[in-house]
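Here are my notes on this model. Keep the structure open beside you and check each point as you read.

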Amino acid sequence: MAETFLLDIAQRVVEKIAHLSVEEARLAFNVQSHLRKLKETLSRIKALLLDAERQQHQNEKLHLSMWKLRDIFYDAEDVIDDFKCEALRKQVVNHPNITFKVRFLASCSLLLSFSIKMGHKIEVINQRLNELAIEWDNFNLGQGTDNRHVFNRETHSFVNSKDVIGRDVDKENIIDLLMKPSEGLDVPVIPIVGIGGIGKTTLTRLVYNDNRVNRHFPLKIWICVSEEFDLTRLLKLMIHSINKGEQCDDSTVEALQTCLRSLLSDKKFLLVLDDAWNENQARWIELRDLLRSMGGLSQSKIIVTTRSLKVASIMSSIRPYELKVLPHEDCLILFTKWAFNDGDDGQYPNLMRIGEEIVKKCKGVPLVVRTLGSLLFMKTDESDWISVRDNEIWKLEHAENEILPVLKLCYNHLPSHLQRCFAVMSLYKKDSIYYSDKVIQFWMANGLLEHSKQKQECVDVGGRYLNELLLRCLIQKETDYALGFTFKMHDLIHDLALDVSQKECKTVNSQSYVIDENVRHLSFCDDKLLKVPQDLKKLKNVRTKLPSSFYKLQSLQTLRMYGIPLMQLPVSVESLIELRYLEITIKAKHLKETWLRCWTSLQYLGLFECDNLECLPEGMQYLTSLRRLVLFGCPNLVSLPRSLKHLTKLEVLKISCCEKINLRMEPEEKEDKDLQLSLKTFSIRSLDVLTDLPQLLLEGSSSTLQQIQIENCDKFAVLPAWLQNLTSLHKLEIIECPRLLTLPGGMDHLTGLRQLRIRACPNLGRRCQKDGGSDWHKIAHIQEID
């Protein structure tokens, strides 16, 4: 599916050309005519891409041509990026805080013929585009509209209940919701949400045809909304569902709503809107208000099935019913039903053993179970079953109700910038636990995050992207942590990512014998891979790899060296002036302040298992963009520098397993009284000598600090009285602090506190039982004491 990326890549290249910085434009001065021609050619091709995307499925030559175009687009983007890299290199050479040695290293890479070389590269790209344009003239492509959704789906209300396995509890839950009074809701909508193929429509059919529902709702209407949420179309479908003889095909909206009003007026009905995709709230409100005008709506009910939590929130104010995967036992029954005639499974125990392994790979999705079962129906040769078991789902021949188009609808509905972000997640292993901050860094490093019109930081843009994927059920949230959250991706969704990325991304393992020379992203994720395949040396276009001379990568944004015990960072790291994310393990006693002066773009700093580190440099104030600071396993670190008070963007401070550190830090100067810091999360764990909290930082963040976690701090005995000044505090956790005796007075002033958890603090627990009338007891309804 490289074609789905083409429009996005072309747009990015055009925008990069149009928004060259002053320094980049100066470097490109001698090649402006080449750049202008490239921009014009790309803009012209963009107008044909959507039509090409539609036609390429029926035209193999066009399909192959689009792969060629993808590579040209990427090469063009690389050339434009060269201007930025060269401009950054010049910044390194001229940076006042970078040592002479690093300037010398950077200047050695200067090519006197930079403009000539760039001009030649752009000229070659223009020539390749012109040759391809001649080829495209034969395809008769015209300008199309942005309508990528080519798979239309129709559903109906009939179901044979005997064919449905494992949904009895879900059925009863939905029926209970239907029978309950609406409790004043203007529009009683019950959303059923889940990934494609999970069985939303089947469950709704079961409910729709139940006798209790038939008695409760004398009038029932089933509409497959699919992708086109058009009021005129929906009104016609509703009218035909009620009265098939009604002639309204040529009617106006006014006539349609008059006709529908006459059919529904003061009648109790059940309306099913199956397979809804509409994210335009105004369109839903238009239909909702029309239904509300019919009268009797409060006694009626609407069921909406959708794959999107966002759609559910637009159409209903109640919590959606999220349909889960089928248990393995139910999946096995369903598979047997489709793979064998009744009772025949007992005759083939060997096939059933293979079948159970196949069912495990289906991960609880009924559509996949049914499809693979029907694929093997009447096949008794073990080799056929083994082939299915050992094959990727997308390599199989699908039945009429295909798995891939059903799931690909979710992908097609994503904006183009989200499509690429989703596709590169195929580089992760199946069954991986994804960490949101690391995924965002990966997107950021590959230029996949749009520049926000609201001037958001890239990490916030990435967070918004992940929330969009969550709302569309493409990822499932697991747990929150200080830097974000973990999530998983269902195996089927991962297979979808693999399918749409194709030659874009490649996961290298011990069986990767052939790798396309134009692959852009590589992932090494096989413990059996003892050496890097030699073929990788031939790959000139890969963007995700770390060369040894990384100091030349002035555009480098993410560097993770956790667990690689460096004696000291090389002086050349000063040249990484675009660095946003840094994780290091270092054996030195001190960090050099000169590095910090150059890392003004750094947003995350993690120091892990730095055994000899005694202190952080006072020059921390140079990290003006720092948002997250994590210290883990630094046993000789004794304190934090007061210069942290200058980090006005710092949101997360997390310190763990630093046995000697104490955090006493009180206001000393006049300006300390009026600090406007931005800490949101403060978390400390396993700090053996800790007795005090950093008042300077926490009270300086009184209007922003939302959560404090104190865990396994043996000597921590007293919570400070100034804690009551933290007016934004929502969550306070104190775990395994055996010397803590009491909570301070004035805790009732923390009106925003929502969760107070105290665990394994035995002295405090006994004290709490005696002091039932103290101030803290006024918030006992949010308290847990073990």
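1. A term comes first. A crossing is left-handed if the near helix is turned anticlockwise from the far one by less than a right angle, and right-handed if clockwise. With that in hand, look at two helices: H15 passes H17 in a left-handed crossing. Keep in mind that this is a predicted model.

2. Now the overall picture. The protein holds 25 helices and 20 strands. It has 786 residues, and 51% of them count as buried. Take the contacts with a separation of 6 or more: residues 24 or more positions apart account for 69% of them.

3. Go back to the pair H15 and H17. Two packed helices are described by the angle between their axes and the distance between the axes. Helix H15 covers residues 349-361, and helix H17 covers residues 382-390. Their axes come within 9 Å and cross at roughly 15 degrees. Angles under 35 degrees count as roughly parallel, so H15 and H17 are roughly parallel to each other.

4. Which residues of H15 and H17 meet? From H15 come Asn350, Leu351, Ile354, Gly355, Glu357, Ile358 and Lys361. From H17 come Glu382, Trp385, Ile386, Val388, Arg389 and Asp390. The residues of this contact between H15 and H17 divide into six nonpolar, two polar and five charged.

5. Stay with H17. Its buried residues are Trp385, Val388 and Arg389. They cover an arc of only 100 degrees around the axis, so they lie on the same side of H17. An α-helix has 3.6 residues a turn, so residues three or four places apart point the same way.

6. Next, the loop between H15 and H16. Gly364 sits there. Is Gly364 buried or exposed? Buried means under 20% relative accessible area. Gly364 has 7% relative accessibility, so it counts as buried. Leaving aside residues up to four places away in sequence, Gly364 touches Ile198, Val325, Leu326 and Cys331. Gly364 and His328 are 36 residues apart in sequence, yet their C-alpha atoms are 6.4 Å apart in space.

7. Met378 is not a glycine, but its phi is positive, about 70 degrees. Met378 is in the loop between H16 and H17. Its relative accessible area is 59%, so Met378 is exposed.

8. The second residue is Glu609. Phi of Glu609 is near 50 degrees, again a positive value in a residue other than glycine. Where is Glu609 found? It lies in the loop between strand S13 (604-608) and strand S14 (628-632). Glu609 has a relative accessible area of 35%, so it is partly exposed.

9. Finish with another helix pair. Helix H10 (residues 231-242) and helix H12 (residues 281-292) have axes that come within 10 Å and cross at roughly 40 degrees. That angle makes H10 oblique to H12. The crossing of H10 and H12 is right-handed. Leu231, Leu234, Leu235 and Met238 of H10 make the contact with Glu286, Leu287, Leu290 and Leu291 of H12. The residues of this contact divide into seven nonpolar, no polar and one charged.

Definitions and conventions
Residues are numbered from 1 along each chain as its sequence is written. This is a predicted model: local features need pLDDT of at least 70, side-chain atom pairs count only at pLDDT 80 or more; totals for chains, interfaces and linings use all residues. Side-chain values use heavy atoms; hydrogens and water are left out. Axes are lines fitted to C-alpha atoms, for helices over the stretch in contact, and angles run from 0 to 180 degrees between N-to-C directions. Helices (H or I, at least four residues) and strands (E, at least two) are DSSP runs, numbered from the N terminus. Angles under 35 degrees count as roughly parallel, over 145 as roughly antiparallel, 65 to 115 as roughly perpendicular and the rest as oblique. Contact means heavy atoms within 4.5 Å. Ala, Val, Leu, Ile, Met, Phe, Trp, Tyr, Cys and Pro count as nonpolar, Asp, Glu, Lys and Arg as charged, and the others, Gly among them, as polar. Buried means under 20% relative accessible area, exposed over 50%, partly exposed in between (1.4 Å probe, protein chains only). The arc is that of the directions from the helix axis to the C-beta atoms.
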